[in-house]
Amino acid sequence: MEQIKPQDAQFLYTETDDNFNHITVLLNFGGPTVHSESAVDCGAIITFLKQKLEQYPIYSQRLVRLPAELDYPYWLNDDDFNADEHFNVSPLAAAGEWPVLREAACYLHSQPMDMERPLWDVTIFTGVHCNGANKNGFTIAMRLHHVAIDGVGMVKLLANLAMPATALDVRPVAEPNEQGNVLSWSNVAGRAVANRLRQSIDLGGTLLKGTKLIAPSARRYLNTKPSERQRVPPSRFNTSVSGDKIFDVINVDLKVLGALRRLHPGATVNDVVLSICAGALRRYLDKHGELNSQSLVAWVPINARTAESQKGGDTGNNLSAFTASIYTNIADPAARLGKIVTATQNGKSGKSGAGLLLNITKCLSAPEQYLFARAINATSAASSTCNLFVSNVPGPAQPISLAGYPLESTSGLPPLGEGMGLFIATPSYNGKLYFNVISTAAILPDIEFFMKCLQESFIEMQASLADLTSS
């Protein structure tokens with residue numbers, strides 16, 4: 001029996017009836033490579049995944065919420081757990097090209113998970129014709145609720161799936177016992193009181209530390225020219241998010257992308273990613289007559305795990321974040337990147353209020369966290385903080401295999417927040433960086449054009465670097 005953390009609960013409490021907070025990861029395989037094999041052995045893959053996933057507590061534990069959100073929910077062993085119910089094999093239509101796979105993935109991602117059982121499931125799409133040259137390719141679509149895992153945890157899970165069973169980097173699962181599937185209400189009530197006291201003390205300390213940030217931030221704001229102050233302009237992306245999601249992905253060479261850091265001293269790969277996204281957004285908004293003099297603002301999550309916690313069994317979510325203008329109002333790629341470098345350096349050094357806000361929410365009691373989440377959804381308050389999410393999580397640098405099948409590529413669909421209708425996730429794998437764009441058809445009806453804008457923005461930055469090195 002384990003209690004979830006306050007940050008985990010945010011992804012539980014901010015769910016709505018048609019906007020869900022699970023992550024869908026797509027693992028794309030070329031299929032059998034031996035000529036005598038005409039189809040993938042889905043049974044063997046399911047057996048393989050069972051052996052690996054059963055090492056994780058979430059595999060057979062369900063989430064139990066307390067009445068009136070008295071305290072944060074607990075993970076308890078599911079007495080009715082049946083692993084086979086979490087697996088599904090779904091053959092694609094005869095023309096199993098990318099549009100068909102993409103539509104199937106979007107439909108799957110838009111469906112709710114059963115909150116009364118362990119919060120994961122796996123769908124194997126067969127007959128995929130876009131995973132390399134092999135016409136018998138397949139894609140493993142793995143859904144896990146964000147209450148149990150974040151992007152860094154997903155990458156760690158992927159790496160563990162590729163390891164021998166004896167090398168799995170996870171905590172051993174406790175033997176089932178009465179304590180693992182029964183809540184003692186007297187103990188729960190006592191823990192709730194103790195948690196409330198501790199959280200109140202932590203909140204006071206966090207607010208006290210926050211005063212060291214607020215005063216300098218206020219001075220910087222007053223000393224900054226009005227035209228250069230970070231504002232969150234209205235945009236098409238800050239509208240209510242419906243249930244039906246859309247998604248697309250392109251990839252770029254990671255070495256080429258890394259070379260673009262030379263456009264400005266001190267630039268990181270994440271800065272370059274933000275600049276490419278900004279260039280694409282500039283093109284897209286200009287085409288629709290929505291480009292203005294104010295820059296869009298991105299919410300950038302960052303891993304808050306320490307080296308020590310990563311060695312242990314740090315589960316769930318452990319994130320911080322900052323907000324930064326991405327200068328969609330600057331046409332020149334090099335000049336835009338320079339501004340972004342300054343903005344992200346300020347954000348990482350604590351000069352953005354987003355990190356303070358997250359630290360405060362980590363100290364709230366369950367009832368306060370629940371009411372806070374409801375208020376955010378009701379008022380679409382997130383749209384006053386940023387226009388879009390951009391997340392960069394490095395993945396395996398070398399090619400890996402699962403169940404004997406080489407992994408060709410990976411992509412994924414993170415959840416969208418209410419009033420936050422655009423998420424650009426940029427994981428990397430085996431020398432490629434993938435721009436995964438997630439939105440809704442109402443917000444981004446021409447997603448193919450947006451993907452073209454991303455590609456053109458990347459090419460434009462390459463041309464800018466070529467001009468710089470030749471001058």
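View 1. Axes are lines fitted to C-alpha atoms, for helices over the stretch in contact, and angles run from 0 to 180 degrees between N-to-C directions. Helices (H or I, at least four residues) and strands (E, at least two) are DSSP runs, numbered from the N terminus. H2 supplies Phe48, Leu49, Lys52 and Leu53 to the contact (heavy atoms within 4.5 Å), while H4 supplies Leu157, Asn160 and Leu161. These residues divide into 5 nonpolar, 1 polar and 1 charged, where Ala, Val, Leu, Ile, Met, Phe, Trp, Tyr, Cys and Pro count as nonpolar, Asp, Glu, Lys and Arg as charged, and the others, Gly among them, as polar.

Residues are numbered from 1 along each chain as its sequence is written, and side-chain values use heavy atoms, with hydrogens and water left out. Because the model is predicted, local features need pLDDT of at least 70 and side-chain atom pairs count only at pLDDT 80 or more, whereas totals for chains, interfaces and linings use all residues.

View 2. Strands E2 (residues 22–29) and E13 (residues 405–413) run antiparallel and are joined by 6 bridges, with Thr24 opposite Leu413 in E13.

**View 3. Strand E11 is covered on both faces.** In E11 (residues 388–391), Leu388 and Val390 on one side, and Phe389 and Ser391 on the other, are all buried, meaning under 20% relative accessible area, with over 50% counted as exposed and values in between as partly exposed (1.4 Å probe, protein chains only). Strand E9 (residues 297–303) runs parallel to E11 and is joined to E11 by 2 bridges, and the bridge partner of Trp299 is Phe389 in E11. Strand E14 (residues 423–425) also runs parallel to E11, with 3 bridges between them, and here Phe389 stands opposite Phe423.

**View 4. Helix H8 crosses helix H13 in a right-handed manner.** A crossing is right-handed if the near helix is turned clockwise from the far one by less than a right angle, and left-handed if anticlockwise. H8 (residues 269–287) and H13 (residues 447–470) pack at an angle of about 125°, with their axes 8 Å apart, which makes H8 oblique to H13. Residues of H8 in the contact include Val272, Ile276, Ala280 and Tyr284, and those of H13 include Phe449, Cys453, Glu456 and Glu460.

**View 5. Helix H1 is mostly covered.** Of the 8 residues of H1 (residues 6–13), 8 are buried, among them Asp8, Phe11 and Tyr13.

Key. Two strands pair if DSSP finds at least two bridges between them. Angles under 35 degrees count as roughly parallel, over 145 as roughly antiparallel, 65 to 115 as roughly perpendicular and the rest as oblique.
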